[in-house]
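Reader: I am new to this structure. Could we go through it in short questions and answers?

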Amino acid sequence: LNVLFWVWTLVYFKKSRSRAHRLIIYASGIYVLACAFRSFLPRADVQRIVLFDTWLSSILVGRSVATLAELSFVIQWALVLHFFAKATGSIKVQNISFIIIPLIFWAECFSWFAVITTNYFGNTVEESLWTVTYILIGVALTLLLPKLRGAIKWAAVMATIGSFAYVMFMSTVDIPMYFHRWQSDLANGREFFGFVSGLQDLNSRWIVTHEIVSWQDEIPWMSLYFSVAVWTSLALCYVPLNKEKLSKYL
């Protein structure tokens, strides 16, 4: 359904003359398709567990798709914030729009570190950087609120609340989960992969399991990731990035 809605969005805006708007729609397409792929073939990267025994479930494939998708998603946010910063003359929001892409680039680097080495320290830093990113997005939206009106203002209010909820989830559920796994591995003296051996392992080893106990810690973030996050990506396609259309909301 999400994929079909994105196709409908692409057709609906086919005459859009804004280069930034078209880029946001294409970036959303990458994110929506990647999430569809990952939801049908779920995997937990560091644990190397999957639902289906196929090379499409390999950790290398899954992490590569995820990296492309997550960079596309943050590019959407950066473009929207940059446009609104220019429209409202907000230097602070403009600076935030420049900062969030490098933050997620480094988050992806730490994610790859975790996946290759199986060291949850990388996931802990990755999720912390995502949390900081959404704190900045929430701040940017809050700065824009006094300059907006009508439907766009209400959309910004909802997005601000959503950002706050995301930060709370990450701070109380996701980051502590990875932090405790990292500390537990250290306490148990676990040996981590090196770069070369880790690359070989993530490309060749996956463990098929349908046991709910193996997946129970992954279910909360996966459920939100493949639903609310996708809907957010789709919603960003409908933000007016035309000065004439936006003028009535300022």
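Author: One definition comes before the rest. A crossing is left-handed if the near helix is turned anticlockwise from the far one by less than a right angle, and right-handed if clockwise. Keep in mind that this is a predicted model.

Reader: Which hand does the crossing of H2 and H10 have?

Author: Helix H2 covers residues 19-40 and helix H10 covers residues 228-236. Apply the definition just given to this pair. The crossing of H2 and H10 is left-handed.

Reader: Is H2 roughly parallel or roughly antiparallel to H10?

Author: The axes of H2 and H10 come within 9 Å and cross at roughly 160 degrees. Angles over 145 degrees count as roughly antiparallel. Therefore H2 is, relative to H10, roughly antiparallel.

Reader: How many nonpolar, polar and charged residues does the contact of H2 with H10 have?

Author: On the H2 side stand Ile-24, Ser-28, Tyr-31, Val-32 and Cys-35. They meet Ala-229, Val-230, Ser-233, Leu-234 and Leu-236 in H10. By class, the contact has eight nonpolar, two polar and no charged residues.

Reader: Is H1 roughly parallel or roughly antiparallel to H10?

Author: Helix H1 spans residues 2-12, and its axis lies 11 Å from that of H10. The two pack at an angle of about 5 degrees. Angles under 35 degrees count as roughly parallel. So H1 is, relative to H10, roughly parallel.

Reader: How many nonpolar, polar and charged residues does the contact of H1 with H10 have?

Author: H1 contributes Asn-2, Phe-5 and Trp-6. H10 contributes Val-230, Trp-231 and Leu-234. By class, that gives five nonpolar, one polar and no charged residues.

Reader: Is H4 roughly parallel or roughly antiparallel to H5?

Author: Helix H4 runs over 91-117 and helix H5 over 121-144. Their axes come within 8 Å and cross at roughly 165 degrees. The cut-off for roughly antiparallel is over 145 degrees. Therefore H4 is, relative to H5, roughly antiparallel.

Reader: How do the residues of the contact of H4 with H5 divide by class, and how many are charged?

Author: H4 passes H5 in a left-handed crossing. The contact has 22 nonpolar and four polar residues. Its charged residues number three.

Reader: What kind of aromatic pair do Tyr-31 and Phe-73 form?

Author: The whole structure has 19 aromatic pairs. In this one, the rings are 4.6 Å centre to centre, with 15 degrees between the planes. Planes under 30 degrees apart count as stacked. So the pair of Tyr-31 and Phe-73 is stacked.

Reader: How many residues apart are Tyr-31 and Phe-73?

Author: Tyr-31 sits in helix H2 and Phe-73 in helix H3. The pair links distant parts of the chain. The separation is 42 residues.

Reader: Are Tyr-31 and Phe-73 buried or exposed?

Author: The cut-off for buried is under 20% relative accessible area. Tyr-31 has 2% relative accessibility, so Tyr-31 is buried. Phe-73 has 4%, so Phe-73 is also buried.

Reader: Which residues do ring pairs link into a cluster?

Author: Stay with the aromatic rings for one more step. The cluster is held together by ring pairs. Its members are Phe-5, Trp-8, Tyr-12, Phe-13 and Tyr-238.

Reader: Which residues does Ser-72 touch, not counting residues up to four places away in sequence?

Author: Ser-72 belongs to helix H3, residues 59-88. At 7% relative accessibility, Ser-72 is buried. Beyond its sequence neighbours, Ser-72 touches Ala-27 and Ile-30.

Reader: Which residues is Arg-63 in contact with, leaving aside its neighbours within four places in sequence?

Author: Arg-63 is also part of a helix, namely H3. Arg-63 has 4% relative accessibility, so it counts as buried. Its contacts are Asp-45, Glu-70, Glu-108, Ser-111, Trp-112, Val-115 and Glu-126.

Reader: Is Arg-48 buried or exposed?

Author: Arg-48 lies in the loop between strand E1 (43-44) and strand E2 (49-50). Its phi is near 65 degrees, a positive value in a residue other than glycine. Its relative accessibility is 0%, so Arg-48 counts as buried.

Reader: What is phi of Thr-118 near?

Author: Thr-118 is in the loop between H4 and H5. With a relative accessible area of 1%, Thr-118 is buried. Its phi is positive, in a residue other than glycine, and near 65 degrees.

How values were computed
Residues are numbered from 1 along each chain as its sequence is written. This is a predicted model: local features need pLDDT of at least 70, side-chain atom pairs count only at pLDDT 80 or more; totals for chains, interfaces and linings use all residues. Side-chain values use heavy atoms; hydrogens and water are left out. Helices (H or I, at least four residues) and strands (E, at least two) are DSSP runs, numbered from the N terminus. Buried means under 20% relative accessible area, exposed over 50%, partly exposed in between (1.4 Å probe, protein chains only). Contact means heavy atoms within 4.5 Å. Axes are lines fitted to C-alpha atoms, for helices over the stretch in contact, and angles run from 0 to 180 degrees between N-to-C directions. Angles under 35 degrees count as roughly parallel, over 145 as roughly antiparallel, 65 to 115 as roughly perpendicular and the rest as oblique. Ala, Val, Leu, Ile, Met, Phe, Trp, Tyr, Cys and Pro count as nonpolar, Asp, Glu, Lys and Arg as charged, and the others, Gly among them, as polar. Rings of Phe, Tyr and Trp (its six-membered ring) pair if their centres lie within 6.5 Å; planes under 30 degrees apart count as stacked, over 60 as edge-to-face and the rest as tilted.
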